[in-house]
Amino acid sequence: MGNDSFIAEGKAPPQRILFPMEKICMAWQRRWGAGAGLTNLGNTCFLNSVLQCLTYTPPLANYLLSREHSQSCRQQGFCMMCRMEGHVNSVLRSSASTVQPWAVVSALTRIGEHFQLGMQEDAHEFLRYTVDAMQSACLSGRSDWDISSQSTTVVHQVFGGCLRSRVTCLSCKAVSDSYEAFLDVPLDIQEDFVRPEQLDGENGYKCSKCEQLVTASKRLTIHRPSNVLTVCLKRFDAFSGRKISKAVEYPEYLDLGAYTSEAPGESLLYSLYAVLVHKGFSCQAGHYYCFVKSSDGQWYKMDDDSVGLCDIETVLCQRAYLLFYAR
């Protein structure tokens, strides 16, 4: 991420690059077969499925398998990156068919104060808290880095991107841009995320040039694409928690070139490598499992301690909750 990107997003260049983008390796640096399954330690299927998706995220796994973090970690006490490093090495290097993920389970309340062992939790929420805890570990608990430097950690270099929201006044054609950094992208499956939204009536736009409420068009585009794109298909009603079981098609290969801010039309290719599924009627109940693509190019279904080979057709016909794509 160059200085021009920071300036374009209205941020000062970073005072320090914490992890250079050039060190991110998107392809697996070593071929592994399927790693171990994970023992369910009491309603921990949400945790198991998220951990498996992260374990098979190539640039993150490459970094954790190198043990680079622990060799330089100065964190006192709990460190989520050290826990993840130990977990990923245990799963991928183990000759055992099953691993007990106590390294992460025992830290549940450190990851999120409200998480309780034995309680079913929402997988997307757990993913967000886990990634945030990894980010905190990369900052070594320091909050005095400037905001631009904080977005140069290995976590942000893998998962981080930026969306641009552009509002265009339909009267004078004046344009107003705002930017939002993301580590994952939640999609409302009841709406079209990329279609321009019309702002009018009571929801009109106060144009600084026209100096009045006007009709305007608002469009979201990918301003800075992430190396790994994590998409959450919002399947739980915000008020009732009930499941939205609508079928959503998703491809193995995703070209987002048409949805970028700059030079639309140039291809921006992503490849699917993990799919997390929820089976059940609400976020407080049911069962989570996932499908992951191993470094050997094969797809596997990971259902707690069960690991089974499967084909891409099976992967693509799921009622997915979380989708993981890599460039």
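An open sheet is formed by 4 strands in the order E4-E3-E9-E6, and the pairing is antiparallel. Strands here are DSSP runs of E with at least two residues, helices are runs of H or I with at least four residues, and both are numbered from the N terminus. Two strands count as paired if DSSP finds at least two bridges between them. Strands of a sheet pair through backbone hydrogen bonds, either parallel or antiparallel. E4 and strand E6 (197–199) are the edge strands, each pairing on one side only. From one strand to the next, the twist averages 30°, where axes are lines fitted to C-alpha atoms and angles run from 0 to 180 degrees between N-to-C directions. Within the sheet, E3 and strand E9 (residues 216–224) pair in the antiparallel sense over 8 bridges. Ser-165 has Leu-220 in E9 as its bridge partner.

The structure is a predicted model, in which local features need pLDDT of at least 70, side-chain atom pairs count only at pLDDT 80 or more, and totals for chains, interfaces and linings use all residues. Residues are numbered from 1 along each chain as its sequence is written, and side-chain values use heavy atoms, with hydrogens and water left out.

A search of the whole structure finds 3 salt bridges, a salt bridge being a side-chain nitrogen of Lys or Arg within 4 Å of a carboxyl oxygen of Asp or Glu. One of them joins the side chains of Asp-177 and Arg-166, at 2.7 Å from N to O. This pair links distant parts of the chain, with Asp-177 in strand E4 and Arg-166 in strand E3 (residues 161–169), 11 residues apart. Asp-177 is partly exposed at 30% relative accessibility, and Arg-166 is partly exposed at 29%. For these labels, buried means under 20% relative accessible area, exposed over 50%, and partly exposed in between (1.4 Å probe, protein chains only).

A salt bridge is also found between Lys-23 and Glu-68, whose closest N and O atoms are 2.7 Å apart. Lys-23 lies in the loop between helix H1 (3–8) and strand E1 (37–38) and Glu-68 in helix H4 (residues 68–72), so the pair ties together parts that are 45 residues apart in sequence. Lys-23 is partly exposed, with a relative accessible area of 44%, and Glu-68 is partly exposed at 29%.

The side chains of Arg-128 and Asp-184 also meet in a salt bridge, at 3.6 Å from N to O. Arg-128 belongs to helix H8 (residues 123–138), while Asp-184 is in the loop between strand E4 (175–182) and strand E5 (185–187), 56 residues apart. Arg-128 is partly exposed, with a relative accessible area of 40%, whereas Asp-184 is buried at 8% relative accessibility.
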